Amino acid sequence: MNNLYIDVHVLQTLPPNNINRDETGSPKSAIFGGAVRQRISSQAFKRAVRTDMAKSISGNRLGLRTKDLPVQVQQAVLELTDASPETAMQWALEALKAAGLKPERPKTKKSDEPKPEETKYLVFVGQYQVKKLARLAVENQGTFTEKSAKTAAKAALKQDQAIDVSLFGRMVADAADLNVDAAVQVAHSISVHENTPEFDYFTAVDDLRGEDEQGADMIGTVEFTASTVYRYATLNVPALMENLGDADATSLASAEFVRSFIRAMPTGKQNTFANRTLPSVVVVSFSTSQPSNWVGAFEKPVLAGQNGYVYEAATAMAKYATDLDAAYGESATRLVLALPVAGDSIARLGETVDLDALVERVREVAADVAAGR
């Protein structure tokens, strides 16, 4: 199979927001190039992408990340048999133990009702895998003493991976053979310029208060920031094909991942700030050598010129990419989606397309690689 990396570079302007905050409620930040930047964690964007992909991909082809795996398998068992809920749960637990997971009942206070067993950590599994494990539980009546039965139970979680599990991977701490290597890497997004958070002071008044009563009934502050950020992700198409084992699923997953990475956004504090935007610049690179993150274009913080941050950032990114090509002899094929505000320099990196054409090209290229063409 031919090697192929699909790199996605995005410039996106965010108005006042707090879409990804730390344990104190402040917008996450990082020091890069000696300057404080807004930072949006890779985990936040991966969650947003997974949620967005559910709009275009059938639910049974996607996974669940949950501790309630025993309950999920129990429900699937009940759909296959007339066993009692108690028996179905016992069969589900035995099937999960045979597969290499060790559910246990969570600790509760003595006065609390006991909770159903759960896995010790979040486990990312495909919904088809849950149903397959349930069928094995019914076939074996919850008894997995034979080696072949245990092998089949473990295989149920190792085969037929869901699309998002194949993209983002899975780590199982005490059953390493159930791990799935991620085909996608997502960088922490950072602002292209220096960024200092601000505070919004707000008040609220009781609606039933009389007109002659003055003062606020609630006072508070919320921290926020605004910035133009650089976002980056890379997809290893052969690795995705290895995880999925199906060329059609690989081309679908590649295309819909790129579409969702471009359009999706974390939802933190969005009701407060209505900060949802779409990117001003998207560059998709197809490379057979290695992925290349262009964040180095912004090690020196961009200064807002007469045309704002996007224009200056797009100009810096285009120059950085061109310099990399010259220095390392790169010859990647690139597609560019850019708004006029980005200027002309970024358009010289590749063919200019709209979103639908970009996604369709990703689908075609991934299909060719997955099929060995």
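**Figure 1. Burial and overall make-up of the protein.** In this predicted model, buried residues account for 48% of the 373 residues in the protein. The chain is built from 11 helices and 12 strands, and its C-alpha atoms fill a box of roughly 75 × 70 × 35 Å when taken along the principal axes. Of the contacts between residues at least 6 apart in sequence, 73% join residues that are at least 24 apart.

**Figure 2. The crossing of helices α3 and α4.** Two packed helices are described by the angle between their axes and the distance between the axes. Here the axes of helix α3 (residues 85-99) and helix α4 (residues 127-139) come within 9 Å and cross at roughly 110°, which means that α3 is roughly perpendicular to α4. The crossing in which α3 passes α4 is right-handed. From α3, the residues Trp 91, Ala 95, Leu 96 and Ala 99 take part, and they meet Leu 133, Ala 137 and Val 138 of α4. Sorted by class, this contact of α3 with α4 has 7 nonpolar residues, with no polar and no charged residues.

Figure 3. In soluble globular proteins, nonpolar side chains tend to be buried together. The largest nonpolar core of this model has 45 residues, of which Ile 6, Ile 163, Leu 167, Phe 257, Val 258, Val 284 and Leu 358 touch the most other members. Helix α8 (residues 247-263) supplies the largest share of this core, namely 8 residues. When residues up to four places away in sequence are not counted, Ile 163 touches Met 53, Ile 57, Arg 61, Leu 62, Leu 244, Leu 252 and Ala 253.

Figure 4. Tyr 320 lies in helix α10, which spans residues 308-328. The relative accessible area of Tyr 320 is 26%, and Tyr 320 is therefore partly exposed, since a residue counts as buried under 20% and as exposed over 50%. Leaving aside neighbours within four places in sequence, Tyr 320 is in contact with Asn 293, Trp 294, Gly 296 and Ala 297. One of these residues, Gly 296, is 24 residues from Tyr 320 along the chain, and the C-alpha atoms of the two are separated by 7.6 Å.

Key:
Residues numbered from 1 in each chain as written. Predicted model: local features only at pLDDT ≥ 70, side-chain atom pairs only at ≥ 80, totals over all residues. Heavy atoms only, no water. Axes fitted to C-alpha atoms, helices over the stretch in contact; angles between N-to-C directions. Helix = DSSP H or I, 4+ residues; strand = E, 2+ residues; numbered from the N terminus. Parallel < 35°, antiparallel > 145°, perpendicular 65-115°, else oblique. Left-handed = near helix turned anticlockwise from the far one by under 90°. Contact = heavy atoms within 4.5 Å. Nonpolar A, V, L, I, M, F, W, Y, C, P; charged D, E, K, R; others polar. Core = buried A, V, L, I, M, F, W, Y, C linked by side-chain atoms within 4.5 Å. Buried < 20%, exposed > 50% of the residue type's maximum accessible area, 1.4 Å probe, protein only.
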